[in-house]
Amino acid sequence: MPDMLNIEGLHAGYADSIVLNDVSLSLDQGETLALLGRNGTGKTTLINTVVGVTRRHKGSIQLGGQPLEHLAPHVRARAGIGWVPQERNIFRSLTVHENLTAVARPGSWTPAKVYDTFPRLAERKGNMGAQLSGGEQQMLAIGRALVLNPRLLLLDEPTEGLAPILVEEVLRGIENVTKNEGLSVIIVEQHPQLILAISQRAVILDRGTVVHQGPAHELRHDQALLNRWLGVSV
Ligand SMILES: Nc1ncnc2c1ncn2[C@@H]1O[C@H](COP(=O)(O)OP(=O)(O)OP(=O)(O)O)[C@@H](O)[C@H]1O
């Protein structure tokens, strides 16, 4: 069976500038991959290249064996790519429930299941998107991606700017999604300790190239590697 996601020899960037340099990685069904690296190392560019909104210069991207690299972003979405960009992508003038029902597509993820995963959203069902806290908006953005019933979910810094208690709540929700549903996820995160704890695989980018790739539990306990590439202590 092919990998859920397979990227080979990817070079991509913006207009003529190349940010990603020969990136290769793969991800199985049901796996979570922590995508790490200092600021400006190309994490968002990699996510955006899988989505199809940057310029790809070279290399292949396959989803479940299907080549994606020549497809438009909306066709990639239909093929099973769910995307939660850094700037939380919700309708601010619709209610929580309308946000979820407006985009839902047939599949196992329904608004009701999103409420089970993020009970806080159930309590805010009738609130406008604009009235939600940052953490609640993030949960709603993830919920909106889930009701599209993707095969691969791409989350760009889902806990950025959140209070610690909400960080835990968002990460717990993400962990349940991957554990119970067999969904593949790539998460860009600035808190390596937290994200490695709920991931199976880890990739570190530095200046647009993959400098480390391996099991998340190994990296989580490898102080030297974390220090070298991320400048953090565990
Ligand atoms: N729209 C753009 N046009 C041109 N260059 C860009 C654009 N977006 C990002 N870049 C450049 O690409 C490089 C990688 O940026 P990217 O946002 O992918 O890094 P990142 O690892 O996600 O960083 P951060 O953690 O700060 O979000 C940077 O040098 C950045 O200046």
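This is a predicted model: local features need pLDDT of at least 70, side-chain atom pairs count only at pLDDT 80 or more; totals for chains, interfaces and linings use all residues.
View B. Thr41 places a backbone N or O atom 3.1 Å from an oxygen atom of the ligand. At Thr44, a polar backbone atom is 2.8 Å from an oxygen atom of the ligand.

**View C. The shell of residues around the ligand.** The ligand is surrounded by 13 residues, and the closest of them are Gly40, Gly42, Lys43, Thr44 and Thr45. By class, the shell comprises eight polar, three charged and two nonpolar residues. Helix H1, which spans residues 43-51, supplies the largest share of this shell, with three residues.

**View D. The fold of the protein chain.** The protein chain contains 10 helices and 10 strands. Its radius of gyration is 17 Å, close to the 17 Å that the globule rule gives for 234 residues, so the chain is as compact as a globular protein of that length. Along the principal axes, the C-alpha atoms of the protein chain fill a box of roughly 45 × 40 × 35 Å.

**View E. Interior and surface of the protein chain.** Of the 234 residues in the protein chain, 50% count as buried. The accessible surface of the chain comes to about 10,300 Å², and carbon and sulfur atoms account for 48% of that area. Among contacts between residues at least 6 apart in sequence, 68% join residues at least 24 apart.

How values were computed. Residues are numbered from 1 along each chain as its sequence is written. Side-chain values use heavy atoms; hydrogens and water are left out. A residue is near a molecule or strand if one of its heavy atoms lies within 4 Å of it. A polar contact is a pair of N or O atoms within 3.5 Å; within protein, one must be able to donate a hydrogen and the other to accept it, and residues adjacent in sequence count only if both atoms are side-chain atoms. Helices (H or I, at least four residues) and strands (E, at least two) are DSSP runs, numbered from the N terminus. Ala, Val, Leu, Ile, Met, Phe, Trp, Tyr, Cys and Pro count as nonpolar, Asp, Glu, Lys and Arg as charged, and the others, Gly among them, as polar. The radius of gyration is taken over C-alpha atoms; the globule rule is 2.2 Å times the number of residues to the power 0.38. Buried means under 20% relative accessible area, exposed over 50%, partly exposed in between (1.4 Å probe, protein chains only). Contact means heavy atoms within 4.5 Å. Accessible areas come from the Shrake-Rupley method with a 1.4 Å probe; for residues, only the protein chains shown count as cover.
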